Amino acid sequence: MNHDAPIRPRVLVVDDEAPLRELIAVTLGDDFECIQAPDGETALELLDEVKPDLVFLDVMLPGKSGLDVLEEMRADEQMRDVPVVIVSAWQTPDDVTRALEKGADEFIGKPFLVDDLASLAQTLLERRR
Amino acid sequence: MRNASLARRVSFVAAGVAALVAVLVGASLLAVLSLRNAERRETRSKDVAVASLHVRTLAADLESALRGYALSDNSRFLALFRAARARVPVETGRLSKLVADDPVQLHRSELVRSQLNDYVHDYAENVIVIAQISRNAARGTAANDEGKRRTGDIKRTLDALLTDENARAQRTSAHARTLSNVAVGVGIGALAVSTLLVLLFGGWVARSVARPVRRVAAAASDVANGRLDVRLEEGGTAEVGALVSAFNSMTRALETSHEELVRQNELLRESERQQRDLIGMVSHELRTPLAAVLGFTSLLIEREYDAEERHRYLEIVQGQARRLARLAEDFLDVQLLEGGGLTLVRERFDLVDLVREQARLFFLDAGKHEAVLDLPGEPVEVDADRDRLAQVVGNLISNAVKYSPDGGEVRVELRVVDDEAVVAVHDEGVGIAPEDTERIFEKFFRSDDAASTIGGTGLGLAVAREIVRSHGGTIDVQSELGRGSTFTVRLPVAGRSLPASQGNPLRRVV
């Protein structure tokens, strides 16, 4: 990372539902710099562009699904180590296992507790350091 | 006999073989009996020959002793004569006893006995008396040929008896030989015929019983291996034919019930899958707005926000709560459809207004789409339930936006064609596979692609179709996978014969 060192960690929030993107952003608050993407294609472009420190990723997205995005990230030299939290309304044991197998770091079901989200973000960022 | 039962055929053949064997045994028995008879006859002939030889010797002994005595006056000859005379009843008795069963021979034997007795009493004893008185006289008497004549008679009678006996024995033996030859011939014939019969029957059994039974066995193992479509050619002997047709109806029944089972299993699996999908879909459709409602309300309770922020978050909560309410209404609509139809509140209104209104509302969400609205210049009036038609048009426009995630043109048109109002909503989105174009109007149906990437209940189009139909209209779709879809709704326009409605909306319940 040879660009200007950010003071706040950058978080990419990917969800086709605008209210949920905003909910995550508001929950994380001013300690994080939140960038939003409504679909998989946009998410991949932003990943390349802004190099986030953490990604919140919905699964059911128009076009490329969240799991497709995750797969591409894990195959990419630069994005391989970026922590990913899957946030999905589909949360059977099968759904969770599939997400973790594809390389997700954490899985959060919708609806979620706002306190959990913020502390999880902190934990993952600290672990990365 | 072509269709006679197997049991009857076996009985026939068994009876035939039994009769032939009986003939064989009978003929052998007859031959054995006649041969034994001939043997007995031969033995008897030999005995008769011996006995008659003894009688002949006796006669010769009597004559030579008598002659010796008469010529020599030696009492030793007299003793010999008397010894011989004592044997007469014994020897003649033996002969008679041997031929007792044959009247002619018995007569001859008795003749010999009386000839011998006559010889002894009427001649020989006279000669002895004479000899005791006068040797010379006796010599003279003995010298004449009376004794020789008498013994000669006896010999001739015996010869006749013997000859006849031999002839009879020969005849019996010849007859026995003939009979046994015939018996052997008949036996061989019967044996040959029964062997042939058994062979023919065996061949027939092999061809018309064993072979079909083998075929049934082979087909049965095919069935056991899961090939339920095997059928055997019908026909054959009664039992075999019955077996074959029973086998065929068994496989037919098996196949039918197997198909039925497979079909039911398929239906069951399909309905299980639908149920699973439905539960997943419902929980997903509920969880997304719930997450927003719960999340923002928690934040509003726990944290401090300025008035502007608070207002914005409350608006989001309200919007998501409305979304939940709509979801509940959709389910309620489905309930109504299943309960036997909707209650329409009809009024006369301008469809152009309605379409414009809905398009504006839903085009708000269409950031990357090129929204095109093509409406006629003058009003298009319909007698319909305004809220329900708004629901239909709004659903079609929001679908067009939702199912074209990459953007493209969304075109909404309204035209009047032959007294029909035609609303067409066109998109350049994901499209619908040909096999799904009918099913998308079924409730809860979602194509596999849509279900995995785009949220939804699968209720909107089912409700829309029901609403359009209850207005006497039609709804259909033209689509190409990956190229886009056009949904078209056709509704009857308001009749011109309803002037009363002008400026005064007519409301009635249908």
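Mentor: In this predicted model, chain A contains five helices and five strands. Along the sequence these elements follow the pattern β-α-β-α-β-α-β-α-β-α. Chain A has 129 residues, of which 43% count as buried. If one takes the contacts in chain A between residues at least 6 apart in sequence, 56% of them join residues at least 24 apart.

Next, the core. The largest nonpolar core has 42 residues, and those with the most contacts inside it are Val11(A), Val14(A), Phe56(A), Leu57(A) and Val84(A). Helix α1 of chain A, residues 18-28, supplies the largest share of this core, five residues. In soluble globular proteins, nonpolar side chains tend to be buried together.

Then the partner chain. On the side of chain A, 19 residues are in contact with 22 residues of chain B. The chain B elements that give two or more residues to this side are α6 (238-302), α7 (307-338) and α10 (448-453). The largest share, 13 residues, comes from α6(B). By residue class, the side of chain B that touches chain A divides into nine nonpolar, 11 polar and two charged residues.

Technical notes:
Residues numbered from 1 in each chain as written. Chains lettered and ligands numbered in written order. Predicted model: local features only at pLDDT ≥ 70, side-chain atom pairs only at ≥ 80, totals over all residues. Core = buried A, V, L, I, M, F, W, Y, C linked by C-beta atoms within 7 Å. Buried ≥ 20, exposed ≤ 12 C-beta atoms within 10 Å, placed from the backbone. Helix = DSSP H or I, 4+ residues; strand = E, 2+ residues; numbered from the N terminus. Contact = placed C-beta atoms within 7 Å. Nonpolar A, V, L, I, M, F, W, Y, C, P; charged D, E, K, R; others polar.
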